[in-house]
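Please open the model in your viewer and follow the stops below in order, selecting each group of atoms as it comes up.

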Amino acid sequence: MADSYDRPLPVRQPESDFYWERAKAHELWLRHCNACGQTYFYPRDICPHCFSRDVEWRQASGRGTLHAFGIVHRGPTPAFREHVPYVVALVDLEEGPRMPTNLVGVEPDAEHVHVGMALEVTFDDVTDEITLPKFRPAG
Amino acid sequence: MAPLSKSAAIVGVAESDEIGNVPGKSALQLHAEAAYNALEDAGLSKADVDGLFTAGYSTYDTGEYLGITPRYTDSTTVGGSSFVIHVGHAVAAIAAGMCEVALITHGQAGRSARARVERDPNLPTLQYESPYGIIGPPIAYSMAASRYMHRYGEDRTRQAFAEIAVATRKWATLNPKAMMREPLSFDDYHDSRWISYPFHLLDCCLVTDAGAAVVVTSAERARSLPKEPVWVLGAAEHHDHASISQMPDLTLTPAHVTGPAALAMAGVTHGDIDLTMIYDSFTYTVLVTLESLGYCGPGEGPDFVADQRTAPGGGFPLNTSGGGLSYTHPGMYGIFLVVEAVRQLRGEAGDRQVQNVGLSLVNGTGGALSSTGTVVLGVG
Ligand SMILES: [Zn+2]
Ligand SMILES: [Zn+2]
């Protein structure tokens, strides 16, 4: 799988190395601000809400609900065209922030995908170096 | 400084020589043709231009190609709304004495460019969204539309999308420059293939080649020119995210700030507007923007556009050029909204001319519903 993976991979940044390292260990970690108490996505070293530098990493529960979705029938780039249909999703995490992902483990069809459905994280080891956190219906 | 409202006017507008499927022209050539045509429309020459405004490319690229060396330069690039925002920036720059004749140019070979532009993979959108196949406007906007449907009802939202697609096509049939001029039925809409659910193909804008340009100058200079000035009465801009996953509320665009602000600057209200031009990248963009601008309340958009109200003869003239859905959409469409509003205000819109247009509101949207620019334009 690692050799044949043809879709875009994240280019890790210094402030997100930890996020992607923990994803490889099948853990989802978020940035939390000790000054204003908010947990946010995506990782940044200065809080986007109150601009405090007093921030730390916290492990997420991995639970959330589906905020919005799309079912992609026309792949946006050639690499995605052989993988349609697939479900793109925005998930409201239990800790507060919203993150983009794929919804997997469900028929890619509007009969089976519902805003508000309970979800849990699952990890897709797409290459030896990159694991993508994805979500599936909570079991 | 004197009040900005009515301190400057749009005195020239034009498209490139051809728009639609134009494989024989580069993006910069489209900029140049549009600039040439807009200056001719204004009765001005290239030597008069001292302020240059462009999005996508830097103004030093368009300036070099056109042979313009401006003393005021603005390359604000916040997606398709940029050119509407440039109109407000031009008004401010002229009032401040930084320039007197502002030329805003656009050109994109959206369909026929010989090379594609890659986006910077260091950006958060590419790090966190692209790996999931969340790439490009149709997918981002379709997710926002799913949220709206959940919140306000799937069937009535679907009907609103169809109303908008069908009504916009009716306007396009009256515009000889429109790419899609065959009538569209409700069945055609519903039967069109899925792009990204909940979007059908006919929820999505065209991909074309096109350029356009707009000339703005001071009130004094405008009165000396051959055509009636189209006054910039109000202007406002706002953005509140870049990535769709960071949008604060998928059912409210930055127009919730720019609509009321531009109307307040102009000293008018929604009921005074005779023609509304809204960036229709997607049917959903129209629906959510009508609400965000304040024409109706949250969730009331489907009632607002019901029964072909936005079609020719329908009581609420909207996107009379045929819009991004049916006229042209080269990638960043916002400037074409301004071109059409000016033509309607001057009475130059031919078969699609709306009677007695004295005030027009134009709202451009860019990125992933990220940015908006609103201007209120008027004659007399
Ligand atoms: Zn904070
Ligand atoms: Zn806002």
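Select ligand 2 to begin: this zinc ion is coordinated by B:His238 (NE2) and B:His256 (NE2), at 2.4 to 2.6 Å, where donors are N, O and S atoms within 2.8 Å of the metal (3.2 Å for Na, K and Ca) and, water not being among the atoms, sites may look incomplete. B:His238 lies in strand 8 of chain B and B:His256 in helix 9 of chain B, so the pair ties together parts that are 18 residues apart in sequence; helices (H or I, at least four residues) and strands (E, at least two) are DSSP runs, numbered from the N terminus. B:His238 is partly exposed at 25% relative accessibility, and B:His256 is partly exposed at 33%, on a scale where buried means under 20% relative accessible area, exposed over 50% and partly exposed in between (1.4 Å probe, protein chains only).

This is a predicted model, in which local features need pLDDT of at least 70 and side-chain atom pairs count only at pLDDT 80 or more, while totals for chains, interfaces and linings use all residues. Residues are numbered from 1 along each chain as its sequence is written, chains are lettered from A and ligands numbered from 1 in the order in which they are written, and side-chain values use heavy atoms, with hydrogens and water left out.

Next, select B:Ser243, in the loop between strand 8 (230–239) and helix 9 (255–266) of chain B. B:Ser243 is buried, with a relative accessibility of 8%. Leaving aside residues up to four places away in sequence, B:Ser243 touches B:Thr125, B:Glu129 and B:Ala368, contact meaning heavy atoms within 4.5 Å.

Now move to ligand 1, a zinc ion coordinated at 2.3 Å by A:Cys33 (SG), A:Cys36 (SG), A:Cys47 (SG) and A:Cys50 (SG). Along the chain, the donors of this zinc ion follow the spacing C-x2-C-x10-C-x2-C. A:Cys33 lies in strand 1 (residues 29–33) of chain A and A:Cys50 in the loop between strand 2 (39–40) and strand 3 (55–59) of chain A, so the pair ties together parts that are 17 residues apart in sequence. A:Cys33 is buried at 0% relative accessibility, whereas A:Cys50 is partly exposed at 36%.

Finally, display the whole of chain A, whose secondary structure comes to 2 helices and 8 strands, in the order α-β-β-β-β-α-β-β-β-β along the sequence. Its C-alpha atoms fill a box of roughly 45 × 35 × 25 Å, taken along the principal axes, and 47% of the 139 residues of chain A count as buried.
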